[in-house]
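Student: I've got this model open and I'd like to talk through how its parts meet. Can you take my questions one at a time?

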Amino acid sequence: MSDTKTFLEIQETYFLIEQNFNSLFVRCESEAHRNELRSAYQVAFMNYAAAKEKIFRDNEPQLRFLRNHLDNTQNEIKTMLENEQKIGKTLNLITSAVRIVSSIIALA
Amino acid sequence: MNVNRKIHTLFVALIALSILLFPGCDRREEGSALATEGAATLEKIAEFYDMLIISTEESRDAESIFRAFTRMPFPPEQQATFDKQASNLRKRAQLARSFSDTFKTLGKLAEYNASAEVKESTTKLAKEIQTLPKMSADSIDPSKIFGMIAGDLMALKQSKDLRRGAVLIRDALSKYQLLFDNEIEVYKGIAVDRYKKFNNVAYWLFHKNLVQSSGLLNPSVSALGLSIDMKKADADPDLMRAVESIARGRAEKMMAVGQMAAHTAQRDLSKLAATVDRFIAKRPFTLSEGIQLTAELQKYLEEIESLRKAKKEE
């Protein structure tokens with residue numbers, strides 16, 4: 001398993017979504033919300049599997065920028081989860097985090 | 001030559017012979033013990049991998065149930081990630097068993113000249129080493145780790161090669177340890193993954209009231225000679241919350257046991273490496289050392305003899 005910073009960030013994103021999936025799922029207000037959550041989980045699942053097969057060069061400027069962006073987004077998600085803020089906003093942020101991870105995977 | 005002198009010479013010759021031969025027998029016994037310990041340790045490592053394969057399969061099944069509860073598709077390419085992990089682990093279990101066989105062959109080498117068996121076992125090991133896939137992209141490449149060791153092991157033919165065999169096996173073992181250490185986080189991660197998946201399933205089972213508390217309550221209650229009104233028990237939300245908490249606690253314990261098993265396997269490998277090291281460090285007398293010792297012994301006996309004579313003459 002990679003111990004690179006990038007891999008650990010990707011792993012954290014997946015674990016964050018997996019760990020909070022059920023509580024978010026029951027908070028979803030519509031099928032569109034649930035679909036957004038399902039889709040984010042599935043992409044995060046595949047991203048995590050793909051990350052295990054990649055080698056990340058942590059110091060590459062583009063990767064560093066995306067990692068910082070991902071880290072900030074994760075922190076925002078955590079705050080929203082703690083405060084049980086609007087589900088729609090939280091789901092949008094989760095989708096953003098997953099998209100950042102997809103960009104990182106595409107770079108490696 | 002008088003009788004005493006003849007006995008004296010025979011005595012020296014016998015001691016010299018035992019100095020030269022006995023350590024060889026002793027080495028063979030030690031070699032045999034080392035082979036038994038090595039084979040058993042590697043078999044335990046193989047069983048550890050078997051356990052990880054079961055955990056991976058259970059994780060896949062739990063994920064499948066979790067997705068059914070949340071009406072989320074589980075397409076083949078996503079299922080394949082579990083199958084790939086299980087397949088990589090299966091190859092590691094196979095490698096550990098081949099390594100175990102190589103230790104057994106070392107044991108045969110300790111008993112008799114077993115060139116054909118050594119060749120067969122090491123050829124198998126070499127083939128498996130070369131085809132072992134990486135656990136993840138940044139794991140150490142196993143074929144690079146083991147290098148040409150398998151080829152070197154094939155050169156072993158006779159029991160006199162025992163120490164050389166142990167040196168080669170030690171080299172393979174230290175590289176095997178490197179592979180294990182490099183992947184230990186993946187192994188521990190498999191236990192964490194299963195725990196998370198079990199937790200997800202447990203959440204939905206309780207959330208949808210699909211759980212009967214009897215499985216957890218019956219053992220403690222029947223020990224007191226009591227029986228439970230299951231209908232009332234399952235309808236009691238406080239009791240069901242307690243049952244859920246116990247179930248989650250058990251899943252957590254299973255995770256801890258799984259993670260501990262990885263460390264135990266790592267420790268067993270270190271212990272085996274230390275045993276092989278001791279075997280290598282403790283070497284028998286060489287022929288020249290034997291001759292030197294015999295000469296010193298003869299000199300010592302002659303001195304005693306001359307002292308005896310001197311005493312008699314007094």
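Student: How many salt bridges does the rule find across the interface of chain A and chain B?

Tutor: Keep in mind that this is a predicted model. A pair counts when a side-chain nitrogen of Lys or Arg lies within 4 Å of a carboxyl oxygen of Asp or Glu. Across the interface of chain A and chain B, the rule finds two.

Student: Which helix supplies the largest share of the side of chain A that touches chain B?

Tutor: Two helices of chain A, α1 (5-27) and α2 (31-51), each bring at least two residues to that side. The largest share is eight residues, and it comes from α1(A).

Student: How far apart should the ends of α1(A) be, and how far apart are they?

Tutor: α1(A) has 23 residues, and at 1.5 Å a residue it should span 33 Å. There is a kink of about 55 degrees in this helix, centred on Phe21(A).

Student: What is the area buried between chain A and chain B?

Tutor: Start with the contacts: 22 residues of chain A meet 29 residues of chain B. Carbon and sulfur atoms give 53% of the buried area. The total is about 2200 Å².

Student: Which residue forms a salt bridge with Glu43(B)?

Tutor: Glu43(B) sits in helix α1 (residues 3-69) of chain B, and its partner is in helix α2 (residues 76-111) of that chain, 54 residues apart. The closest N and O atoms of the pair are 3.2 Å apart. The partner is Arg97(B).

Note on methods:
Residues numbered from 1 in each chain as written. Chains lettered and ligands numbered in written order. Predicted model: local features only at pLDDT ≥ 70, side-chain atom pairs only at ≥ 80, totals over all residues. Heavy atoms only, no water. Contact = heavy atoms within 4.5 Å. Buried area = accessible area lost by both parts, 1.4 Å probe. Helix = DSSP H or I, 4+ residues; strand = E, 2+ residues; numbered from the N terminus. Expected span 1.5 Å × (residues − 1). Bend = angle between axes of the 7 residues up to and from the residue.
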